[in-house]
Amino acid sequence: MTVEEKKKATYTVPVGPIHPALKEPIRLALTIDGEEVVDTDVFAGQVHRGIEWIGMNRNNPIQTIYLAERICGICNICHPFSYILAVEQAAGIVPPPRADYIRAITAEMERIHSHLLWAGVAAHEIGFDTIFYLAWQVREEVMDLIEYVTGNRVTKAIFQIGGVRRDVTEEQLPRIRQSLDYYKSIFDKLRKVFLEDKTIQMRTRNVGILKKEDALKLLTCGPSGRASGVPKDVRQDQPYAAYADFDIKAITPDILTGTVVGDVYDRIIVRLLEVKQSIEIIEQCLEQMPDGPILAQPKTAALLKALTKAEGEGVGRAEAPRGEVIHYVRLEADRETLATWKVRAPTYVNLMCVPTILKGMQIADVPIAFASLDPCMSCTNRVVITDRATSRESVMDYEELHRLSVEKTKELAQ
Amino acid sequence: MGKLTPQAIIDSFAEELGDGFFSGSVHEREVGVMKNKFRSLWIEVKKSAFRDAVEHICRLQEYPHLAIISSSDLGAEVELIYHFTIYYGEHLQELSLGLRVKLPKNELSIPTITDLIPGALFTERETQEMIGVAVVGIPDNRRLFLPEDFPEGVYPWRNDDKGIPKDMLRVLPGREPK
């Protein structure tokens with residue numbers, strides 16, 4: 001070891017795995033030099049539940065819709081959405097157009113609630129709890145709307161192969177429009193709070209930068225990729241359901257600021273503008289929604305029989321709040337379960353850019369930078385710092401890490 | 001290279017790979033009220049031509065998006081499909097490209113593509129642990145999702161004797177595993 005290397009003794013800081021109360025657990029091992037992060041290693045799999053195995057060995061294709069819904073508590077529209085798209089393609093089922101529109105409406109409501117939830121979490125990570133409460137209070141409106149339209153706040157169970165299980169009736173429209181108007185009326189306030197606040201700017205500008213080239217190489221998708229200037233959005237590139245009828249543009253931060261930095265601030269811009277875009281899409285859907293049936297095959301037993309006989313394969317892609325979800329399904333004739341089922345959630349690929357994003361950052365910036373990807377696992381509850389040089393070990397818990405982040409905000413605000 | 005039509009892409013694969021090219025097909029699907037179409041391509045190649053095929057995709061599109069590798073146990077062989085998308089960024093222009101390669105059970109290995117697409121690492125690691133296909137030259141050979149104490153030589157997505165044995169399944173009391 002040369003003298004130069006000796007000076008740069010690094011420490012390893014494992015972060016997680018996690019508090020069971022929040023989202024999904026994950027463990028990060030941060031190699032640090034002083035306050036600076038040099039390298040990161042990601043350990044996934046703490047909550048691998050073998051869901052694909054259950055779909056291939058236990059459930060029939062209709063039961064698997066509800067299993068797909070339980071892959072994630074926040075994205076429980078987009079998983080069944082891309083799953084049924086894949087099955088419909090494999091079995092040659094065409095859903096009625098009205099169902100396509102209802103599907104798009106529910107998916108956009110999910111995007112609004114997910115982005116607002118993220119905005120709250122991000123504010124909390126930098127110690128701005130007033131905004132955290134504000135964002136989550138604002139989010140309640142869309143949660144009520146989701147319950148009103150689908151019958152449930154979380155697992156909506158509205159999807160069926162070949163359509164949807166619940167119609168949007170004429171009487172429901174005023175209530176839906178009322179919620180959309182509410183969001184339009186407070187949008188400017190939200191924009192001011194998140195984009196013009198000095199403290200937020202100081203904590204998020206030039207933090208956690210992901211360059212466009214890195215995003216492309218590491219296959220980063222969704223708002224995290226778009227914030228780095230990758231104009232990729234399934235609703236634009238390969239539109240499914242009602243999205244094919246609208247001209248949807250992928251939102252990149254240069255729309256607002258004229259430049260792409262690819263930092264946390266840009267990720268806020270993208271998500272905020274996407275809330276507005278979602279409201280516009282729902283309005284368009286309500287205006288243009290065709291009349292007609294909502295199911296291609298209303299009898300479940302007949303549908304199941306057709307699926308058991310079907311043979312083929314299909315790929316379903318949907319734009320989840322966090323990026324592209326893809327399901328691959330292969331059906332074999334006379335097989336009760338799916339022959340192959342492969343699910344890819346957006347966080348799967350977005351985790352690969354974590355080492356790039358965290359490199360060269362301070363420990364106090366780790367919570368907000370990691371959370372800015374909106375990984376389905378943003379809580380880091382326990383941190384062990386190992387001093388490699390002296391083998392001294394100290395434990396830093398999530399509270400401590402959070403305190404560091406809050407302190408930094410306070411220092412900057414002074 | 002400018003944007004090619006789906007059929008021209010298949011022809012270019014046939015020309016580029018020669019003997020290594022098996023088959024290619026285009027699927028179109030109409031969506032929505034306006035019946036706009038989106039298209040997907042399926043291309044099957046021999047294992048020996050697999051690397052050339054991925055290199056060819058990288059020529060068709062700088063930084064192609066690799067969504068996932070799906071793997072199926074077909075009995076005598078294991079089928080891998082590399083789900084790519086190319087030509088993204090414009091309304092309705094994107095193409096899904098499924099690159100299919102079949103591997104006989106006695107020769108389960110595939111070269112890595114992480115040198116061409118660094119982001120392929122996670123899905124290659126998952127393919128190794130879940131279906132037992134060795135990825136030759138993978139820069140990180142660790143497991144991705146399976147725990148460290150999971151037995152060696154058991155691959156959850158296999159349908160043969162290397163799949164999950166019945167005694168590993170936990171079922172409710174009084175129930176038989178399916």
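Which residues does Leu80(B) touch, not counting residues up to four places away in sequence? The first legend answers this for the predicted model.

**Figure 1. Surroundings of Leu80(B) in the predicted model.** Leu80(B) touches Ile69(B), Ser71(B), Val101(B), Leu103(B), Ile110(B), Thr127(B) and Val133(B), leaving aside residues up to four places away in sequence. Leu80(B) is also one of three residues, with Ala104(A) and Leu99(B), that touch the most other members of the largest nonpolar core. That core has 158 residues. The element that gives the most to this core is α5(A), with 14 residues. Domain 1 (3-46 + 352-369 + 377-413) and domain 2 (51-202 + 280-344) of chain A both give residues to the core, so it lies between them. In soluble globular proteins, nonpolar side chains tend to be buried together.

**Figure 2. Helix α5 of chain A, residues 97-125.** Of the 29 residues in α5(A), 28 are buried, and the helix is mostly covered. Its end C-alpha atoms are 42 Å apart, which agrees with the 42 Å that 29 residues should span at 1.5 Å a residue. Just after α5(A) comes Gly127(A), with a positive phi of about 80°.

**Figure 3. The side of chain B that touches chain A.** The contact involves 35 residues of chain B and 39 residues of chain A. On chain B, at least two residues each come from β1 (21-31), β2 (36-45), β3 (65-73), β4 (77-86), β5 (95-104) and α3 (121-131). The largest share, 6 residues, is supplied by β3(B). Sorted by class, this side of chain B has 19 nonpolar, 13 polar and 3 charged residues.

**Figure 4. Contact between domain 1 and domain 2 of chain A.** The domain assignment of chain A gives domain 1 as 3-46 + 352-369 + 377-413 and domain 2 as 51-202 + 280-344. Here 8 residues of domain 1 are in contact with 8 residues of domain 2. On the domain 1 side, the elements giving two or more residues are α17 (366-371) and α18 (398-413) of chain A. Of these, α18(A) gives the most, with 5 residues. The domain 1 side has 5 nonpolar and 3 polar residues, and no charged ones.

**Figure 5. The loop that holds Val260(A).** Val260(A) lies between α12 (254-257) and α13 (264-288) of chain A. There are 18 other C-beta atoms within 10 Å of Val260(A), which is therefore partly exposed; a buried residue would need 20 or more. Beyond residues up to four places away in sequence, Val260(A) touches Lys212(A), Ser228(A), Gly229(A), Thr252(A), Pro253(A), Asp254(A) and Asp266(A). From Val260(A) to Trp53(A) the C-alpha distance is 41 Å, and the two are 207 residues apart in sequence.

**Figure 6. Tyr63(B) and Tyr87(B), with positive phi.** Tyr63(B) is not a glycine, yet its phi is positive, at about 50°. This residue sits in the loop between α2 (50-60) and β3 of chain B. Tyr63(B) is partly exposed, with 19 other C-beta atoms within 10 Å. Tyr87(B), also a residue other than glycine, has a positive phi near 60°. Its place is the loop between β4 and β5 of chain B. With 17 C-beta neighbours inside 10 Å, Tyr87(B) is partly exposed.

**Figure 7. Chain B as a whole.** Chain B has 3 helices and 7 strands. Read from the N terminus, its elements follow the order α-β-β-α-β-β-β-β-α-β. Along the principal axes, the C-alpha atoms fill a box of roughly 60 × 45 × 30 Å. Of the 178 residues in chain B, 38% are buried. Among contacts in chain B with a separation of 6 or more, 52% join residues 24 or more positions apart.

Figure 8. Chain A has an average pLDDT of 84, and 88% of its residues score at least 70. Where pLDDT is low, the predicted coordinates should not be read in detail.

Conventions. Residues are numbered from 1 along each chain as its sequence is written. Chains are lettered from A and ligands numbered from 1 in the order in which they are written. Two residues are in contact if their C-beta atoms, placed from the backbone, lie within 7 Å. Helices (H or I, at least four residues) and strands (E, at least two) are DSSP runs, numbered from the N terminus. Ala, Val, Leu, Ile, Met, Phe, Trp, Tyr, Cys and Pro count as nonpolar, Asp, Glu, Lys and Arg as charged, and the others, Gly among them, as polar. The expected span of a helix is 1.5 Å times one less than its number of residues. A residue is buried if 20 or more other C-beta atoms lie within 10 Å of its own, exposed if 12 or fewer, and partly exposed in between; C-beta atoms are placed from the backbone. Domain bounds come from an automatic or database domain assignment. A nonpolar core is a set of buried Ala, Val, Leu, Ile, Met, Phe, Trp, Tyr and Cys residues joined through C-beta atoms within 7 Å. pLDDT is the predictor's confidence in each residue, from 0 to 100.
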